[in-house]
Amino acid sequence: MNLELSVTEQCNLRCDYCYYRDSHAARKAVMSEEIMEKAVSLAFQRTVELNHSFLNITFFGGEPLLRMYLVRATVAFAKKQAKLRKKDLPKGFKLCFTVNTNGTLLTDDIISYLKKEKFSVALSLDGPRNKQDLSRKTIDGQGSFKYIAPYIPALVEMNAAVLMVITPRHVKGFSDAVKWVFKQGFTSVGTSPDFGGKWTSEDFDALTLEYEKLARFWYTSKLQDRKFYLSTIQDKISMALLDRRQKDYTCFISSDAIVVATNGNVFPCSRFISSKKNAPYVMGNVLDEQSGVYKRMLPKTISDFIRKDKKECNGCAIRYRCLAHECGCTSFYTTGRLQGVSGEVCAHERILCAICDEYALKLSNKIQVENLL
């Protein structure tokens, strides 16, 4: 079971590609302790009902480290709940914590606390200073790299995962930025394009070249038995070789999860989160015991997304590995609806799948696929 808490919509950065720039435009809303406790209690209730062996609580924002008080309070409350419900939880049950952070508010004290509570950390970092400072700027327009750099060794020690964003401004030399991240000692990296409608054919040509370099780097490194995970390349190859569908492999919407906005509204995935009135795809509210959350019924628009193929994708050979078809959050933030298909995303996925299929074929002729992936 996964519980994701948007503890604040406030953020100390103004990244120019932030997918919350509209839904969190006011940058004011924060989660109350009451809503946090209701959400955690609901997550434990569902964990027991589903007999899940773990509950992972992820702190999201905005920038969640702005609400360290609530993070600490949540951890304490969740640990107390785990003790109270011990007899109802499966044997070997694990309570886990994750924080998604831009890393700029880290201190020695926060690092010590995260280590003590065995947090997993997902760090937003676009690479070295010249890449990071292009788009991830502070409120007053300054680059953010200098605030993160002192804590990179500690984050590596904590096995933090790095999340990188590609834009037309970042694309040239992007593969070198990914290699730089690995060189710092990080072993898990995910990259995501900013599908903001600004990619030109020339930009996609440049991206193709960078993806070819990344795929070659991944392939060579894996043959050398280097232990690391580059999701952009590895996931597409895994789905091709192991006959996996992306919606079942990486999509949060089709899993048992509770994603809670600052006001208690529950959404199918983190990118839908908003405290605005009449926000689309609200599934209920943790304060309302008569809501759809407690009835465990998905709205028809969401259940249709999970069960049905998109008409626009009929006959497409890569549709089950494609973000345009399989990823609800990508569909939502590029088209405004779950059923939408972005031509920009479609073009990107065709490029990436073609490159990854080439290396999938090489792997199938070289070594045991399961051991490598």
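Let's start with charge: the chain carries 54 positive and 40 negative side chains, and the centres of these two sets lie 3 Å apart. Keep in mind as you look around that this is a predicted model.

Along its principal axes, the C-alpha trace spans about 50 × 50 × 45 Å. Of the 373 residues, 55% count as buried. The accessible surface comes to about 17000 Å², and carbon and sulfur atoms hold 50% of that.

The 10 strands form an open sheet with mixed pairing, and its order is β7-β6-β5-β4-β3-β2-β1-β8-β9-β10. The edges are taken by β7 (229–230) and β10 (284–285), each with a single partner strand, so one side of each is left without a neighbour in the sheet. As a reminder, strands of a sheet pair through backbone hydrogen bonds, either parallel or antiparallel.

Strand β5 (residues 161–166) runs parallel to β6, with 5 bridges between them. Here Leu163 stands opposite Gly190 in β6. Strand β6 itself, residues 188–193, is mostly covered, with 5 of its 6 residues buried. The other pairing joins β3 and strand β4 (residues 120–124), again in the parallel sense, over 4 bridges. In this pair, Thr98 stands opposite Ser120 in β4.

From β3 you can follow the chain into a loop. Leu105 sits there, between β3 (94–101) and α3 (108–116). Setting aside residues up to four places away in sequence, Leu105 touches Asn12, Glu63, Leu65, Leu66 and Ile110. For another distance to check, take Gly143, which is 38 residues from Leu105 along the chain: their C-alpha atoms are separated by 14 Å.

Beyond its neighbours within four places in sequence, Ser175 is in contact with Glu210, Lys213 and Leu214.

Finally, a few backbone details deserve a look. A cis peptide bond joins Gly61 and Gly62, with omega at about 20 degrees. Gly62 is in the loop between β2 (54–60) and α2 (68–84). Which residues have a positive phi although they are not glycines? One of them is Asp225, with a phi of about 65 degrees, in the loop between α8 (201–223) and β7. At 53% relative accessibility, Asp225 counts as exposed. Another is Asp243, whose phi is about 55 degrees. Look for Asp243 in the loop between α9 (231–241) and α10 (246–249). With a relative accessible area of 72%, Asp243 is exposed.

Key
Residues numbered from 1 in each chain as written. Predicted model: local features only at pLDDT ≥ 70, side-chain atom pairs only at ≥ 80, totals over all residues. Heavy atoms only, no water. Buried < 20%, exposed > 50% of the residue type's maximum accessible area, 1.4 Å probe, protein only. Areas by Shrake-Rupley, 256 points an atom, 1.4 Å probe, with all protein chains shown as cover. Lys, Arg positive; Asp, Glu negative; His and termini not counted. Charge placed at Lys NZ, Arg CZ, Asp CG, Glu CD. Helix = DSSP H or I, 4+ residues; strand = E, 2+ residues; numbered from the N terminus. Pairing = 2+ DSSP bridges. Contact = heavy atoms within 4.5 Å.
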